[in-house]
Structure formats: structure tokens, C-alpha cells
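Student: I would like to go through the labels used for this model. Can we test each one against its definition?

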Amino acid sequence: MVLQSLDLKNFRSFTETTIHLAPQANLITGNNGSGKTTILEAIYFLTKKRSFVTRSNKHLIQDNAKESVIFANLSDEKHSITTMGVSIQPGNLKTKINKKEAKTRDLLTLLPSNVIEAGSSNIFLQSPPIKRKFIDLGVFHVEPLFLDAYLNYRKALVNRNAAIRHNTNLTIWDKPLIEYGDIITSYRLIFISVINQYFESISNEFFGYSCSIRFYKGWKGDNFIDAISKNLLTDKKYGYTQLGPHRADYDFFSKNGSVKDFFSRGQMKVIYSIFILAKTYAFKHFLGAQCVLMLDDPLSELDDDSLDFLIGETKALDVQLIVTSIRENSLFGRLNPKTFHVEQGRILEA
């Protein structure tokens, strides 16, 4: 599937506008604050029901409007059209595919998307819960059963912690905790292993040596059941379950050690971009679907060599590319894109 057209109504600065996209490369230009990133945010929200800019959906609704609507036409290889839309109201979201109510998992698998946004390389410095959420959303893209296992694990964890605090029988909650903990960990490991294959190969092309992603399951050793049993007294001492998938983490390593200790800001941006490319590769690997990859103002943080490398890799991945930039000239020759200009709440096709 590729994104053929996007309609916005009362979404941030756009009262009502439509953009018809090319299946390969698209370039959106405009001054700072004109709404370039808003286009990417709308596509991201449509495919994931969440923004990469804000945590509050109310900021997405234009002032004095009751709701914001994002609507899109998707086209497959046979030129069949699928429609998808999201209605955003205060405290309420409605999603539809082909005019029928749809669940989040339906949106995720229909049009996989990734975004490399400005300033995004700080993922390396984020806390483990934020980093886990970043990976888990990708796992959910390719394995819809992951969500059910995750929710069941969280339920077992909450109840086991309550049993620890009240000194009641833990056995009833240990079984589902271990069962679902093993399931979500196996899904994470499979997803990260596919990402790592591409990540190591492409980082070696750029840096001359391979970088890798190292994943910590949330406990040491092979078996979760053994870790839980051995740590029981410590859990009771502190009043909560200390080991498990809810403590999982991962880090990025170069030949010298963790990249956050040795890489410059520019190198961090490159390695993060490679990571997003690797996630996109994983989507194509598991789903066999074309993906939408969005680059938000790459000229602001990447030098010419890094930018050429990144764009070359996106072409090799065969994704639908949507790039924003203040300047057109530096990117036009690299992309040969369909070009748009954003100004005063309007999108003008060049």
C-alpha cells in the first residue's frame, strides 16, 4: 500500500486541505512554522493513533472546532483503493477503514510508517520505559498478538505486586506472569534480531565497522521462571517484582562501547537514522508491505555525506518517502521528488 492522498480538516493550522502524493519521493517545503511537520504528524497519527510531537490529542484540534479529521486514500499494486480515517474529538477517537469501524491493530498493519524527526536522536538518552515503548510499538506492528500478551502480563504483574505487599499467595499470579512474560520477550527478541541484521550491515557501510543493538530481557539467565523463583525474597523485601519484561532495556554499541559515551551529536543522528531504517526493513520483512518513511528537516542535522548515504538507503528499501525542508535546492537533485509548498494553512503543489 502507498499513501495516494491525504485530507486534513481542522487539524492544527489546516482548516481544510488535500495533498496528492507520489508513490516514491515527495518533498514538502516551507518556512519555519508553516506546517511542514504537521503533515508528517497527521500521517503518523493516522497510522498509529498517536502523535510524535505531543502527548495531548486536544492540541491537534484547531481552535473553535469540535473535531479534527484525517482521511486518506491508499492504493495497492493493482490500483485498488482503500480508505482510512481518524476523527479526533476531546477524549474520543474514532477510526475507520473502508467506512467501517477499525481497531488500532488494523491501522498498524495496513500502512506501516516510521519517522526520523528533528532532534530525535535523544532516544539513546531516554529512560528504559520510553525505549521499551518505542520497540514495543514496532513489535505490535508485525505481531498483533503481542498486545494481548502484554496486557495479560501487566495484569498479572499488578496483582503479583499487590500479593507481595499484602503477604498473600503468589502462586496464582506467577503462572500467568511467567507464561505471558515469555511470550512478549520472544516477540521482542525476534523483532530486534531482524533489526540487528540490517543495523549491523548498514552501520558497517557508513562507519567502516559494525554497530549493534544489545537487548536486556529484564533478567539474567535463560529461564524467567528460575529468575522469579531465585528473586522471591528480594521481591518481598522491596515490595514489588523486580525482574521481568517490564524491566527490559536495550542500548546501541560501537566498537568502543555504548554510542552515547563515544559518539558526537552528528554521529548519534546517523546511527538513529540507521535504526529507523532497520525498523522499516523489519516491517517489510515481516509484513511484506511497502512502508511510508518520513524525514523531518534532515538538512538541519545531517551533513552532505550523511544525507546522501541516508537517502541512498531509503531508495534501496523501496519505501514511499516524504521529506520536509526549508530549502528545496539541496534535496531536489538527490530525490527527484514530487514537490509541495506549505504556506498559510495551504498546501500548494509545485
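This is a predicted model: local features need pLDDT of at least 70, side-chain atom pairs count only at pLDDT 80 or more; totals for chains, interfaces and linings use all residues.

Student: Why are H5 and H9 called oblique to each other?

Tutor: Helix H5 (residues 171–207) and helix H9 (residues 265–287) pack at about 135°, with axes 8 Å apart. Angles under 35 degrees are roughly parallel, over 145 roughly antiparallel, 65 to 115 roughly perpendicular, and the rest oblique. H5 and H9 are therefore oblique.

Student: What residues make up the contact of H5 with H9?

Tutor: The contact divides into 19 nonpolar, 3 polar and 1 charged.

Student: How do you know that the span of H1 agrees with its 13 residues?

Tutor: The expected span is 1.5 Å times one less than the number of residues. For helix H1 (residues 36–48) that should give 18 Å; the end C-alpha atoms are 19 Å apart, so the span agrees.

Student: What makes H1 mostly covered?

Tutor: Buried means under 20% relative accessible area, exposed over 50%, partly exposed in between (1.4 Å probe, protein chains only). In H1, 12 of 13 residues are buried, including Ile 39, Leu 40 and Phe 45.

Student: What makes S2 and S7 edge strands?

Tutor: Two strands pair if DSSP finds at least two bridges between them. The open sheet runs S2-S1-S4-S5-S6-S7, with antiparallel pairing. Strand S2 (14–20) and strand S7 (100–101) each pair on one side only.

Methods
Residues are numbered from 1 along each chain as its sequence is written. Side-chain values use heavy atoms; hydrogens and water are left out. Axes are lines fitted to C-alpha atoms, for helices over the stretch in contact, and angles run from 0 to 180 degrees between N-to-C directions. Helices (H or I, at least four residues) and strands (E, at least two) are DSSP runs, numbered from the N terminus. Ala, Val, Leu, Ile, Met, Phe, Trp, Tyr, Cys and Pro count as nonpolar, Asp, Glu, Lys and Arg as charged, and the others, Gly among them, as polar.
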